[in-house]
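Let's look at how charged side chains pair up in a protein. Here is the structure to keep beside you as you read.

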Amino acid sequence: MAVRDIVTVGHPVLRRPTRTVSPDELAGAEMQALIDDMIDTMHAAHGAGIAANQIGESVRVATIHVNRNPRYPYKPPIPLTVVVNPVIEPLDDEVVEINEGCLSVPDLRGNVWRHVNVRVRYLDRDGVEHDEVKRGLTAGTFQHECDHLDGALFLDRVTDTTTLTTWEHFERFHRDAFVARITDFVARVGS
Ligand code: NI
């Protein structure tokens with residue numbers, strides 16, 4: 001297990017759609033070691049999630065874990081989840097505007113619109129199939145990681161570029177209003 005370097009915006013590996021992982025490959029030592037590295041790297045960087053291509057491996061695998069995250073203290077907890085070959089689909093047209101950041105986009109945050117209710121199908125690291133509904137900010141986190149695996153970044157979804165801000169200026173000028181709005185939203189949606 002090892003903490004790996006995180007690839008940042010501009011590197012082509014972040015822009016290539018990742019390839020699907022076969023069941024045999026998933027069970028192999030190499031893929032299991034990669035998953036361990038992703039978890040270690042995500043935790044070391046205090047990320048809410050990380051996609052394999054963010055550490056330079058172009059395979060359709062992401063890890064997600066939110067537990068009183070200092071980067072996103074308003075996010076409800078998500079248990080450590082390994083998603084392999086995820087397929088995500090919106091369940092309706094409800095959307096919410098979320099201020100996001102990304103380990104591959106140092107020192108920049110911005111507002112993106114995310115679906116509030118999504119269905120996610122994926123394999124876990126043991127190859128077990130999951131078919132789940134995610135809601136609210138948790139649904140947003142899954143959409144952010146699936147975007148990575150498709151070669152997209154949250155920057156692509158920032159429609160109002162005046163919302164782009166450094167982390168320092170987010171704290172200073174935007175945090176309170178955003179946290180108030182999103183806390184009401186989380187209370188309503190429950191996640
Ligand atoms: Ni990201």
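Arginine 114 has a relative accessibility of 1%, so it counts as buried (under 20% relative accessible area; exposed is over 50% and partly exposed is in between, using a 1.4 Å probe and protein chains only). Keep in mind that this is a predicted model, where local features need pLDDT of at least 70, side-chain atom pairs count only at pLDDT 80 or more, and totals for chains, interfaces and linings use all residues. Residues are numbered from 1 along each chain as its sequence is written, and side-chain values use heavy atoms, with hydrogens and water left out.

**Pairs around aspartate 147**
- Arginine 114 makes a salt bridge with aspartate 147, with 3.0 Å between the closest N and O atoms (a salt bridge is a side-chain nitrogen of Lys or Arg within 4 Å of a carboxyl oxygen of Asp or Glu).
- This pair ties together parts 33 residues apart in sequence, because arginine 114 lies in strand β5 (residues 105-115) and aspartate 147 in helix α3 (residues 136-149); helices (H or I, at least four residues) and strands (E, at least two) are DSSP runs, numbered from the N terminus.
- Aspartate 147 is buried too, at 7% relative accessibility.
- Arginine 157 also forms a salt bridge with aspartate 147, and here the closest N and O atoms are 2.6 Å apart.
- Arginine 157 is partly exposed, at 39%.

**The wider picture**
- Glutamate 89 and arginine 119 meet in a salt bridge as well (3.7 Å, N to O).
- Across the whole structure, a search finds 16 salt bridges.
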